[in-house]
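Here's a quick tour of a protein fold for you. Have the structure open while you read, and follow along one piece at a time.

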Amino acid sequence: MMHTIILDCDLMKHAHSGLYHYCLNVGLAVNQLLPQMGNLALKMYVPPQQKEAFEGKVNAITERAWHRLWRPFLNSCAVWHAPFQSGRMIPDKKRHPGIKVLLTIHDLNPLHEGKPQEEQQRSLLHTQGLIDQSDAIVCISEFTKSDVLKHCATGNKPVVVIHNGIHRLHAEPSVPQQVSGNRPFLFGMGYVNRKKNFHVLLPLLKHNPGLELVIAGRLDDPDYVSAMKTAAEAMQVSDQLRLTGPVPEAEKSWYLANCLAFVHPSLAEGFGAPVVEAMHFGKPLFLSNRTALTEIGGDIAFYFSSFEETHLQQVFSDGMATFRRLGMGPAVMARGHAFNWQKSAAQYINVYQSLID
């Protein structure tokens, strides 16, 4: 008997985000392995603007407005995979009691970002509501699992850790039009907002006047972006800072291949997908030591334990020297290869199967 798994890809409305690539990679990797199972089939529930994202390789159900009233695709669904703890839950267990629900929890980041207590509680209550409707839970890191078990009630539901894989950039690198000269540069990527904490890196530009800092990603918080630019002006390093906004995959590939080092001083990460992506290029990695980042970076990254100016410069200068002395590039790439979507997909399939058996 064939059992249908449906992965809710509502998160794919926002291209270039980590959650977009999560859905894309899980879908493609699981679908590639399913023929070996014989009794499982995958369908992706996608927003209209992303109906071609899987290039015909995956059976896609395009979301329609009338689905709010009638969802015929649920009649054949064995497992509904809800891929985000702050998202939605489609199946109504009263109408479809036979559907099993798997919830993926990426993080409980509001607890670690200095958010107001009211906002933290609101976020936790939403996640708890999804947990209550779920039959099993996947966390994308051991750190996230420990957070969930500490702050949420999971009862006797299985809670499994499945790391994300590496998002490989298949496009040939393309030199960005806005490249300014031949100065070496530090590269960071992600939404530019307070959680990502990029502003703390500005003193590195003051101590290293020959360096630039390039950050690629959506300018998510206008007030934060403005404050960062003002701080750069005050330090007289404005000409060393470049905020590119979102960039195509080919340009991102170029930045990762040509940067002096990759920087990610984030305050809160459930996994840290950009870090694993950067590992593929074997460059020095400078990360904060917050939340899941030490778990993902392991012993091949260098960590900021505070964001004080002298400490930042010391970690950076010592880390660069150590990286060169030990020739750490191959070790960085090897760790990146350990985060493999095929391995992760096999683990997801095991969870799907356990819910059906």
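**A strand and its neighbours**

Strand E8 (residues 185-189) runs parallel to strand E9, and 5 bridges join the two. (Strands pair if DSSP finds at least two bridges between them; strands are DSSP E runs of at least two residues and helices are H or I runs of at least four, numbered from the N terminus.) Keep in mind that this is a predicted model, where local features need pLDDT of at least 70, side-chain atom pairs count only at pLDDT 80 or more, and totals for chains, interfaces and linings use all residues. Residues are numbered from 1 along each chain as its sequence is written, and side-chain values use heavy atoms, with hydrogens and water left out.

**Around E9**

- Phe185 has Glu212 as its bridge partner in E9.
- To get from E8 to E9, the chain passes through helix H4 (residues 202-207) in a right-handed β-α-β crossover; right-handed means that, with the strands pointing away from you, the path from the first strand over the helix to the second runs clockwise.
- E9 also runs parallel to strand E10 (residues 241-245), joined to it by 4 bridges.
- Leu213 sits opposite Leu241 in E10.
- The chain goes from E9 through helix H5 (residues 222-234) to E10, and this β-α-β crossover is right-handed.
- How many residues of E9 are buried? It's 5 of the 5 in residues 212-216, so the strand is largely enclosed by the rest of the structure. (Buried means under 20% relative accessible area, exposed over 50%, partly exposed in between, with a 1.4 Å probe and protein chains only.)
- Glu212, Val214 and Ala216 point one way from E9, while Leu213 and Ile215 point the other way.

**Helix H2**

- H2 (residues 117-132) has 16 residues and reaches 22 Å from first C-alpha to last, close to the 22 Å expected at 1.5 Å a residue; the expected span is 1.5 Å times one less than the number of residues.
- Gln120, Leu124, Thr127, Gln128, Leu130 and Ile131 of H2 are buried.
- They cover an arc of only 160° around the axis, which puts them on the same side of H2; the arc is that of the directions from the helix axis to the C-beta atoms.
- Glu118, Leu125 and Asp132, on the other side of H2, are exposed.

**The whole chain**

- The protein chain has 11 helices and 13 strands.
- Of its 357 residues, 54% count as buried.
- The C-alpha trace spans about 65 × 45 × 40 Å along its principal axes.
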